[in-house]
Amino acid sequence: PWQTQVLYELKNSWKGYIHVIKSKRQCGKSILLQTILLQTGINKPKSTSILLSPTIEQARKIFNSCKNVIQPTKLYSRHNDTQLFLRLSNGSEILFKSAEQKVGLRGYTVTGVYCVDEAAYIPDDIFFETMAWVNVSQAPVIVCSTPNHKTGFFYKYYTLGFENGNKILS
């Protein structure tokens, strides 16, 4: 039920916002992000969406889940297991990245949605550097995590949302 509520809320305030999702462990955050990435790719042709995870293993897990969902459908075009990307038949791409890639994260542009999985475990400098991906298109940003501590960008945006009536503009 909480995932349905999040999807409903995202429809009402999408573009140009940073959406923060704080939740306990093992309750479906990654499945929610998978749904958001696939919905965006399907509903926004020729868009580029990116998922950023703390580790390559986490990125690969969500990549494989998305691939398994979309591959048997007519919406699938191709994928690359090494570079971790999916291409849909409408020209959309979904890229799966890791904070471990550091300098290799430069040079992307998100026109779909930018999702950050386990955001509390991603270094602030990596997150703020990747925010350049959404500058041109004002693509929505979704940061999702189980809390780790009361510091860092995840905690900052979580508390900022309460101070600003649950609205955070990117």
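Reader: How many bridges join S4 to S5, and do the strands run parallel or antiparallel?

Author: First the idea: strands (E, at least two residues) and helices (H or I, at least four) are DSSP runs, numbered from the N terminus, and two strands pair if DSSP finds at least two bridges between them. Here, strand S4 (residues 85-88) and S5 run antiparallel, joined by three bridges. Phe-85 has Leu-95 in S5 as its bridge partner. The hairpin of S4 and S5 has four residues between the strands, and Gly-91 takes a positive phi near 90° there.

Reader: Before we go on, what sort of model is this?

Author: A predicted one: local features need pLDDT of at least 70, side-chain atom pairs count only at pLDDT 80 or more, and totals for chains, interfaces and linings use all residues. Residues are numbered from 1 along each chain as its sequence is written, and side-chain values use heavy atoms, with hydrogens and water left out.

Reader: In which sense do S2 and S5 pair?

Author: Parallel, over six bridges, with S2 spanning residues 48-53. Thr-48, for example, stands opposite Glu-93 in S5.

Reader: Which way do the side chains of S5 point, and are they buried or exposed?

Author: In a regular strand the side chains alternate between the two faces of the sheet. On S5, Glu-93, Leu-95 and Lys-97 point one way, while Ile-94, Phe-96 and Ser-98 point the other. Six of the six residues in S5 are buried (buried means under 20% relative accessible area, exposed over 50%, partly exposed in between, with a 1.4 Å probe and protein chains only).

Reader: Now the rings. How many aromatic pairs does a search of the whole structure find?

Author: Rings of Phe, Tyr and Trp (its six-membered ring) pair if their centres lie within 6.5 Å; planes under 30 degrees apart count as stacked, over 60 as edge-to-face and the rest as tilted. The search finds six pairs. One of them is Phe-63 with Phe-96, edge-to-face at 5.4 Å centre to centre and 70° between the planes. That pair links distant parts of the chain, 33 residues apart: Phe-63 is in helix H3 (residues 56-70) and Phe-96 in strand S5 (residues 93-98). Both Phe-63 and Phe-96 are buried.

Reader: Why is the pair of Tyr-108 and Trp-133 edge-to-face?

Author: Because the planes of Tyr-108 and Trp-133 lie at 80°, with the ring centres 5.8 Å apart. Tyr-108 is partly exposed, at 26% relative accessible area, whereas Trp-133 counts as buried at 2%. Ring pairs also bring in Tyr-114, linking Tyr-108, Tyr-114 and Trp-133 into a cluster.
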